[in-house]
Amino acid sequence: MSNASNVIIDNKEWKKPRPNVDHDNKEFWDGLKQHKFMLWKCGSCGAHYWPKAYCNQCEGSGAWASNMKWVETSGKGKIFCFNVHHMAFHPAFKDDIPYAYVLVEMNEGPLVSAMLLGTPPDDIHKVGQPVEVVYEDHPKEDFTMLRFRIAG
Ligand SMILES: [Zn+2]
């Protein structure tokens with residue numbers, strides 16, 4: 001799900017580590033490029049996963065991965081925990097510090113982590129604050145980075 005306000009286009013040269021896109025997460029990254037937040041869903045019990053996994057609630061039922069697929073989800077969740085970085089552990093993050101990196105419990109259940117945008121780190125007061133996905137497009141690099149922002 002996207003609207004103009006949760007898409008950022010960044011045409012600067014990318015100097016950070018690139019996303020590690022592989023056979024098991026390609027649909028997730030393709031989803032970000034289409035401004036869709038994809039999670040891996042069990043067709044038997046409806047549980048969502050990220051990253052891709054077997055459904056541990058249906059183990060033994062015969063469902064395994066044959067009954068699972070990528071689906072578009074809300075892109076909304078709440079802060080499960082966070083840390084604020086005051087040091088750049090990679091030179092390309094120098095201009096970002098201080099920044100907050102959040103682990104988000106998505107409304108569908110999985111925990112997903114990314115940098116938090118749009119709010120000074122000192123404004124992050126509590127676990128449980130609602131957040132939403134931001135799609136940071138990098139047209140020159142042909143990928144979209146996942147970011148979060150405080151919902152509101
Ligand atoms: Zn299941």
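I am working on a predicted model, where local features need pLDDT of at least 70, side-chain atom pairs count only at pLDDT 80 or more, and totals for chains, interfaces and linings use all residues. Residues are numbered from 1 along each chain as its sequence is written.

**Core.** I looked up the largest nonpolar core, which has 23 residues. Such a core is a set of buried Ala, Val, Leu, Ile, Met, Phe, Trp, Tyr and Cys residues joined through C-beta atoms within 7 Å. Buried means 20 or more other C-beta atoms within 10 Å of a residue's own; exposed means 12 or fewer, and partly exposed lies in between, with C-beta atoms placed from the backbone. V102, V104, V131, V133 and F148 touch the most other members. At least two residues each come from α1 (26-33), β2 (37-42), β6 (99-106), β7 (111-117), β8 (130-138) and β9 (143-150). β2 gives the most, with 5 residues. Helices (H or I, at least four residues) and strands (E, at least two) are DSSP runs, numbered from the N terminus.

**V104.** I listed its contacts (C-beta atoms, placed from the backbone, within 7 Å). Not counting residues up to four places away in sequence, V104 touches G77, K78, I79, F80, L111, V112, S113, V131 and F148.

**Open sheet.** I traced 3 strands in the order β3-β2-β4, with antiparallel pairing. Strands count as paired if DSSP finds at least two bridges between them. β3 (48-49) and β4 (68-73) stand at the edges with a single partner strand each, so one side of each has no neighbour in the sheet. β2 and β3 pair over 2 bridges. W40 has Y49 in β3 as its bridge partner.

**Hairpin.** I then turned to β6 and β7. They run antiparallel, joined by 6 bridges. The hairpin has 4 residues between the strands, and G109 in the turn has a positive phi of about 120°. β7 also joins β9, in parallel, through 3 bridges. There M115 stands opposite R147 in β9.

**A114.** Is A114 buried, exposed or partly exposed? A114 is partly exposed, because 17 other C-beta atoms lie within 10 Å. A114 sits in strand β7. Its bridge partner is V102. Leaving aside neighbours within four places in sequence, A114 is in contact with V102, L146, R147 and F148. I also checked A114 against V104: they are 10 residues apart in sequence and 8.1 Å apart in space, C-alpha to C-alpha.

Technical notes
Two residues are in contact if their C-beta atoms, placed from the backbone, lie within 7 Å.
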